[in-house]
Amino acid sequence: MGTEGMMARIYSMGVNGTEGYPVQVEVFAVGGIPGTEIIGLPDTSVRESRDRVNAAIINSGIELLPRRITINLAPADLKKEGPSFDLPIAVGVLIATRGLIPAEGFEFGKTVFFGELSLDGKIRAVNGALPMVISAKERGFQTVVLPEENAKEASCIEGLRILPVSTLKEVIHYIDGSEIPVPQRQMTYEELNRENIITVDMCQIRGQKAARRAMEVAAAGGHNMLMIGVPGSGKTMLARCLPGILPPLTFEESLETTRIHSICGRLSPGSGLMITRPFSAPHHSASVASLIGGGQNAKPGEVSLAHNGVLFLDELPEFSRAALEALRQPLEDGIVSVSRIRHQAQYQSSFMLIAAMNPCPCGYYGSTSRACRCTKNEIRKYLDRVSGPLLDRIDLQIEVDAVPVQEINDSLPAESSATVAARVAAARRVQQERYRNEEFYTNAQLNNAAIRKYCRLSADAETLLNAAVEAMHMSMRGYNRVLKVARTIADLDGEDIISSSHAAEAVQYRELDQKYWR
Amino acid sequence: MKTTYQTGIWGENTAEQYLVQNKGMVCLERRYRTKCGEIDLILTDGDTVVFTEVKTRKTAGPGNGLAAVNIRKQKRILNAALIYLMHRKWTSRPVRFDIVEIHGEEIIYIPDAFRPYGKYYH
């Protein structure tokens, strides 16, 4: 006498780094001492799912027979985390205890389930839905059953049937064949709200003509930028304008960026792919791990959250030395490797660095309006917190002074972000066209060989630059960076050959090196 | 005045009567005792083996007896149940753990009160 064991196998997805991997949820129910055990390296949130699942099943009106239930999450050598296995576990338990009889020919082998359960049987959104859906498609699954709030995020992935569900009951009806949920409508990227959400518009900035121009150049060529200026001169406000003048994310860029935000749980519920470039502004007390990524599970840091967008570091010298030096690798390679005990992950981190700082501890060194009361030594110490190698990676350096009162009152309304964005977009198109056979997209990414190939100078410009190199004791690297910036300025003008005025403007953006860090 | 022991016996008899007559179960054992645990009543409900703990309370309010079946008590019941099942060679029969609280005239019956397989009980 006895109850024959019953086995169920449901597919789900886990996330490692920014990649999803398939997880088989095996459920075995048999007579004997009743209870539930979860094995296969679950972390606490997965182990707790037993209690959520039991409550959700009972509250969906199904009797859960007392059986000895063993749940295995395969592959058993990868650590499973997060509550997204609640739904596949619940489905497996229902089938193994015969509380749910699947419809004839239901293909569990081609269907992926994920979602968090609440005690009353509702299904909550989970982190990492986008990478999971992408991987499900790559592995040849045909249907994904996911929480309704995650459906829009996945709606741009082609070739999959996305079934949004909001309660366990809906899933039960789907599996027993009584009612199939309405599939999520396939959406193209263009269909999603294409409006760039502008938080600060350029027309709100009074004066600061030089700084505005530098922002435009930085945006057009993807250059890193450093602003040095007295307190209250508008550095932060200028930086906040940047996402508004950058071109919107392309579909591929959006997938990359949304993936990272998805696993960090930074997407607002019900939102789709990201359209506006991310703007990440960590406080200067940020640790290396929070900037680069880390924690037990090697989660992405601010540099990766700013992927394809802007990383703004206000009060640059106040950041810890270790944090600033750690930025060098992502700045150079556009990718960071995070290694921790349990996980190793690589995250993309190709961002524009915009930094702002005061020229000295009191803030007024070099100001036209107020005298500085710092000693030479204090200034030197302050500036030296920003290392040479880091400065070397910043193409544009500008000084931002306070705007005089009459300029605030008199000046006409300035150009809006939309106008500037149009010019930036045009310059970006020129670059895209020129570099279509190369591995890079923007002028900022040019290597030495490419600089020689693409930055052709007029005769005037060459003489001017040679004189500047002489006078400013510029290094070869400094010279190359001037050329890259000059290339961008010429692109903004729509010209193929760099003229002397383009070169002259580019040289200006190097002068701060000379003034402060001699 | 009954002693505590007599109260216990009376409660178990009342519970057995209730389960057999009202719930249609069949009684297999009373006061099953082993070195590492004991069970008040062992019955069968159809195919399912039911291990029942009976708590008799005269004074405290209802629910007090149920709360007394804490994790330590559950472990003792589990141990005895495992020995009993092994003795009978019932390795894959469905099993259930019930609690009955006798409270004067009132009988509180909790079928499937706890499921002791899994990490919590190790």
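In this predicted model, helices α7 and α17 of chain A pack at an angle of about 35°, with their axes 8 Å apart. Axes here are lines fitted to C-alpha atoms, for helices over the stretch in contact, with angles running from 0 to 180 degrees between N-to-C directions; helices are DSSP runs (H or I, at least four residues), numbered from the N terminus. The crossing is right-handed, that is, the near helix is turned clockwise from the far one by less than a right angle. On the α7(A) side sit A:Glu216, A:Ala219 and A:Ala220, which meet A:Val420, A:Arg423, A:Val424, A:Ala427 and A:Arg428 in α17(A); contact calls for C-beta atoms, placed from the backbone, within 7 Å.

Helix α17(A) (residues 417-434) also packs with α8(A) (residues 235-245), at an angle of about 60° and with the axes 9 Å apart. This pair, too, crosses in the right-handed sense. A:Cys241, A:Gly244 and A:Ile245 of α8(A) touch A:Ser417, A:Val420, A:Ala421 and A:Val424 of α17(A).

Residues are numbered from 1 along each chain as written, and chains are lettered from A and ligands numbered from 1 in the order written. Local features need pLDDT of at least 70 and side-chain atom pairs 80 or more, while totals for chains, interfaces and linings use all residues.

Methods
Helices (H or I, at least four residues) and strands (E, at least two) are DSSP runs, numbered from the N terminus. Two residues are in contact if their C-beta atoms, placed from the backbone, lie within 7 Å.
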